[in-house]
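Please take a look at the model below.

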Amino acid sequence: MEMDRRTLLGGAALPLVAAPVAAISATDDWERIAREYDVTREVIQLEHGNWGMMARPVLAAYRGQVERVNRETSYYARRTMVGDIDSARAALAAAMGVGADEIAFTRNATEAMKALILQYNGLKPGDAVLYADLDYDSMQTSMQSLAARRGVRVIKIGLPEPATRQSLIEAYRAAFDANPAIKMVLLTHLSHRTGLVLPVADIVALARARRIDALVDAAHGVGQLDFRLPDLHADFIGINLHKWIGAPLGVGAIYIRRTRIGAIDPDPAENPSSSDIGTRVHTGTVDYAAQLTVPAALGFQAAIGGARREARLRALRNRWVQQVIGLPQVQILTPEEPGMYGAITAFRLRGRTSHEDNVALAKTLLDKHRIFTVHRDGLASGSCVRITPALATRMSDCDALAAAIRSLAA
């Protein structure tokens with residue numbers, strides 16, 4: 001969906017298709033884009049992983065949709081709103097490279113993944129399922145519940161650290177081969193804990209060769225990395241649109257390849273015989289204005305270009321990491337191997353792996369340096385602090401973080 005570039009970017013003449021990677025060094029473009037985000041200046045905000053900020057033109061579009069839905073209520077809802085939401089869904093499907101019949105709006109990736117995990121009907125007592133330490137907490141809990149719900153054995157593995165692309169592939173290969181009863185595996189495309197990017201397509205291929213279905217949590221991958229859903233080669237994917245796409249809060253999506261719709265049962269509140277993907281989730285009344293704003297968010301991101309956005313986010317990450325990675329007291333948890341990280345990266349002070357250590361570290365960054373971050377737990381190796389820049393971040397923000405870490409390490 002094309003939108004006027006000057007409206008989107010305050011006059012910045014950016015192409016509507018991805019520019020060559022060399023073009024991302026145009027500092028003025030990134031300054032203009034950063035100014036499209038009304039970010040707090042009370043602190044240096046480096047915790048953009050919770051949810052993404054709407055750019056000003058997207059926020060304006062959302063306000064307009066809120067006013068319309070509020071003004072016209074059921075007169076709009078019962079006559080033409082469904083068609084408008086279908087058009088928004090079609091725009092999303094086109095942006096993701098899938099069919100409109102293969103994707104449906106949810107309120108977030110958690111809702112999508114919960115439906116995929118709990119309504120997956122290919123399990124019987126005695127089967128096994130697999131997940132990893134870096135998977136999202138709610139997804140881990142949903143996987144654990146399958147023991148009681150389906151009578152299956154639930155297997156958890158710790159991913160290698162430090163990781164390489166090949167070591168991750170081998171970790172899943174070893175788990176599959178050691179547990180031939182595995183019928184389903186949860187994969188997280190880009191970890192919310194450390195920013196580690198899994199080679200999902202390779203692992204899906206390993207799983208498929210063993211008749212294992214892969215459910216992929218791409219909550220942080222979509223919009224942070226430049227790809228389309230078919231590139232993951234997975235049949236079942238959950239995504240967020242209010243993180244890196246910058247749609248309003250409360251919008252995600254579920255993807256099911258059309259030939260696999262029968263593997264996911266309809267929601268209990270829906271028609272049990274329906275093959276429509278929309279019946280795989282049942283949300284009731286939602287923020288319709290948020291869903292109607294999705295094309296504006298997609299248009300803003302399209303004006304930047306996926307490859308340029310990914311390169312910019314990686315450049316922001318590299319700016320602070322390269323200044324501290326050589327310090328013996330600092331442990332960077334995300335690999336430097338190309339393709340294995342995006343914007344998110346986690347660190348800890350070496351030897352300080354407890355929850356309390358990293359809560360204190362994040363607190364010190366805020367209290368002493370006015371840098372806002374967040375601690376993360378759940379890694380097999382211990383806790384950490386997560387750093388998440390975004391398009392609103394300046395390089396000077398990353399320099400300030402690096403200086404703070406050097407001070408703490410000293």
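How are H6 and H7 oriented to each other, roughly parallel or roughly antiparallel? First, the ground rules. This is a predicted model, in which local features need pLDDT of at least 70 and side-chain atom pairs count only at pLDDT 80 or more, while totals for chains, interfaces and linings use all residues. Residues are numbered from 1 along each chain as its sequence is written, and side-chain values use heavy atoms, with hydrogens and water left out.

**The H6 and H7 pair**

Helix H6 covers residues 165-178 and packs with H7 at an angle of about 20°, the axes lying 10 Å apart. H6 and H7 are therefore roughly parallel to each other. Axes are lines fitted to C-alpha atoms, for helices over the stretch in contact, and angles run from 0 to 180 degrees between N-to-C directions. Helices (H or I, at least four residues) and strands (E, at least two) are DSSP runs, numbered from the N terminus.

The crossing of H6 past H7 is right-handed; that is, the near helix is turned clockwise from the far one by less than a right angle. H6 contributes Arg165, Ile169, Tyr172, Arg173 and Phe176 to the contact, and H7 contributes Asp202, Ile203, Leu206 and Ala207. Contact means heavy atoms within 4.5 Å. By class, six residues in the contact of H6 with H7 are nonpolar, none is polar and three are charged. Here Ala, Val, Leu, Ile, Met, Phe, Trp, Tyr, Cys and Pro count as nonpolar, Asp, Glu, Lys and Arg as charged, and the others, Gly among them, as polar.

**The seven-stranded sheet**

Seven strands form an open sheet with mixed pairing, in the order S2-S8-S7-S6-S5-S3-S4. The edges are strand S2 (103-106) and strand S4 (153-157), each with a single partner strand, so one side of each has no neighbour in the sheet. Neighbouring strands of this sheet are turned by 20° against each other on average, direction ignored. Two strands pair if DSSP finds at least two bridges between them.

S5 (residues 182-188) runs parallel to S3 (residues 128-132), joined by three bridges. S5 also runs parallel to S6, with five bridges. Six of the seven residues of S5 are buried, so S5 is largely enclosed by the rest of the structure. Buried means under 20% relative accessible area, exposed over 50%, and partly exposed in between (1.4 Å probe, protein chains only). Some residue pairs across the strands are listed here.

| Residue | Stands opposite |
|---|---|
| Val129 | Met184 in S5 |
| Ala128 | Ile182 in S5 |
| Val185 | Ala214 in S6 |

**Helices on this sheet**

Helix H5 (residues 137-150) lies across S3, S4, S5 and strand S6 (213-217), at about 160° to S3. H7 packs on the sheet too, touching S5 and S6, and its direction makes about 175° with that of S5.

Helix H4 (residues 109-119) is mostly covered, with nine of its eleven residues buried. Among these buried residues are Glu111, Met113 and Gln119. The buried residues of H4 pack against S2, H5, S5, S6, strand S7 (236-240) and strand S8 (252-256).

**Two residues in detail**

Ile203 sits in helix H7 (residues 200-209). Its relative accessible area is 0%, so Ile203 is buried. Beyond its neighbours within four places in sequence, Ile203 is in contact with Tyr172, Phe176, Leu187 and Leu198. Ile203 and Leu168 are 35 residues apart in sequence and 8.5 Å apart in space, C-alpha to C-alpha.

Val154 belongs to strand S4. With a relative accessible area of 26%, Val154 is partly exposed. Leaving out neighbours within four places in sequence, Val154 is in contact with Val129, Tyr131, Met143, Gln144 and Ala147.

**The four-stranded sheet**

A four-stranded open sheet has antiparallel pairing and the order S9-S10-S13-S12. Strand S9 (330-332) and strand S12 (374-376) are its edge strands, each pairing on one side only. The twist averages 35° from one strand to the next. Strand S10 (residues 345-349) and strand S13 (residues 384-387) pair in the antiparallel sense over three bridges. Phe347 has Val385 in S13 as its bridge partner. Helix H10 (residues 306-324) packs on the sheet and touches S9, S10 and S13, its direction making about 140° with that of S9.

Note on methods:
Parallel < 35°, antiparallel > 145°, perpendicular 65-115°, else oblique.
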